[in-house]
Amino acid sequence: MSAADLARLQFAATTGIHWLFVILTMGLVPLVAIMHTRAAFTRDPAKRAVRERMTRFWGQLYVINYAVGIVTGLVMEFQFGLSWSGLSKFAGNVFGAPLALETLIAFFAESTFLGMWIFGWGRLRRGVHVTLIWLVALTAYASGYWIMVANGFMQHPVGYEVRDGAAYLTDFGALLTNSSALVALFHIALAALTTGGVFIAGISAWHFLKGTEETELFRGSLRLGLWVSTIASFFVVIVGEMQRPVIERTQPMKHAVLENSGVAELQARLVAEHGPGDYVPWQDTVRISMDVMTIIGNTVSTITFIALVLLWKDRLMRWRWASWVLVATIPFPFVASAGGWVVREVGRQPWLVYGELTVEDALSQVGTAAFAVSCAVFIAIFLALAVTNWTLITRFARRGPEATQLGATEPLPDGEKQPLPAF
């Protein structure tokens, strides 16, 4: 493999694995916030206790995914200097600010609010505590927005001018309202909610299959997961189709490949505009990834809708095969979202910044051996982190609410009383 192939493989693998953490984080946190809000404002003590256990159980799984995911995210931006110094030199003046804001929001604001929420059980007033988890959700999506602003510039550069071989920002508003970023962000948010909803519904179904005694807790979780995933999976298809005219206008070659029409004509036109070169992305990869995303997305939408109807008719728990289908559906949204990212990123090739900077021109002047070692080490570490994450999630998900440690009070020495929480 060439140095460029190794650099692309490293970035694709690390970004793809990191994305699996991100989509679950973005999908779970609003649902945990909804659970906590319902628990905080429930007057019946018995129902409030159930809803608090529900919040702590799913909140613990969210925290595990978030904590390990943060580790995978730490190295992402370092790759711009390690492998793609040409990108930093050309576009650093433009997308450096969005990336810096994402770092401040994700690694400072979001982490701070989450830490206060984790350690605030029994110590903060209910309203303050609930506000914290909603702030975590808000900053998570704000972080996603800034990432999409940076990525949107690479997909469809706007609000800049090139001076002395480098891009300089001239219109910050155009950068923030880039259609290639906003429509994709909406699509990603719905995909994340679908992922979170299916995750909660699948694990809840598994506990019913195993004869759980926490029937009220998991019935409420199952209902919430199915409602959210059914609605989100329906609209994610619609918003996905809304991206087609944006792609046709901003990346005509990607659109031609997806439509399997006019590729040769566009290749000739791009050669005339940009000089000799191959401006056609890997067509089979783009089309297959698009088919995978579409087929799995429609499958998830159908399964969740049928499961919701069965739950409403009180048949879902009696038909064990239906519960097993929900359990088996858990990985589907992850696969679909990975396919979507392949379409978005591979379909842009050979451009790193569309129409301005190619992959070859952005590559750092580093030897093939160094890239090979870096690629092997990074991929091995990321795979180990992914395995660790899902091992922990599986372990705590199987143990159920009784083994939840989030929000648990520590035993006090003999003779001391637990102080009442401030509400």
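Helices (H or I, at least four residues) and strands (E, at least two) are DSSP runs, numbered from the N terminus. The expected span of a helix is 1.5 Å times one less than its number of residues. The model is predicted: local features need pLDDT of at least 70, side-chain atom pairs count only at pLDDT 80 or more, and totals for chains, interfaces and linings use all residues. Residues are numbered from 1 along each chain as its sequence is written, and side-chain values use heavy atoms, without hydrogens and water.

Helix H11 (residues 283–312) contains 30 residues. From first C-alpha to last, H11 reaches 44 Å, close to the 44 Å expected at 1.5 Å a residue. Asp-314 is not a glycine, yet its phi is positive, about 60°. Its relative accessibility is 46%, which counts as partly exposed (buried is under 20% relative accessible area, exposed over 50%, partly exposed in between; 1.4 Å probe, protein chains only).

A positive phi is also found at Asp-164, near 55°. Asp-164 sits in the loop between strand S1 (160–163) and strand S2 (166–169). At 82% relative accessibility, Asp-164 is exposed. The peptide bond from Gln-349 to Pro-350 is cis, with omega near 10°. Pro-350 belongs to the loop between helix H13 (332–346) and strand S3 (351–353). Most residues other than glycine have a negative phi, and most peptide bonds are trans.

Helix H2 (residues 45–74) packs against helix H15 (residues 368–399) at about 170°, with axes 10 Å apart. Axes are lines fitted to C-alpha atoms, for helices over the stretch in contact, and angles run from 0 to 180 degrees between N-to-C directions. H2 is therefore roughly antiparallel to H15 (an angle over 145 degrees). Contact (heavy atoms within 4.5 Å) involves residues including Phe-57, Leu-61 and Ile-64 of H2 and Phe-382, Leu-385 and Phe-396 of H15.

The largest nonpolar core has 97 residues. Such a core is a set of buried Ala, Val, Leu, Ile, Met, Phe, Trp, Tyr and Cys residues joined through side-chain atoms within 4.5 Å. Trp-58, Tyr-62, Leu-87, Trp-117, Phe-199, Leu-226 and Leu-316 touch the most other members. Helix H7 (residues 179–209) supplies the largest share, 16 residues. Beyond its neighbours within four places in sequence, Leu-316 contacts residues including Leu-222, Leu-226 and Leu-310. Another core, of 16 residues, lies apart, with Val-263, Tyr-279, Met-293 and Val-346 among them.

Notes
Parallel < 35°, antiparallel > 145°, perpendicular 65-115°, else oblique.
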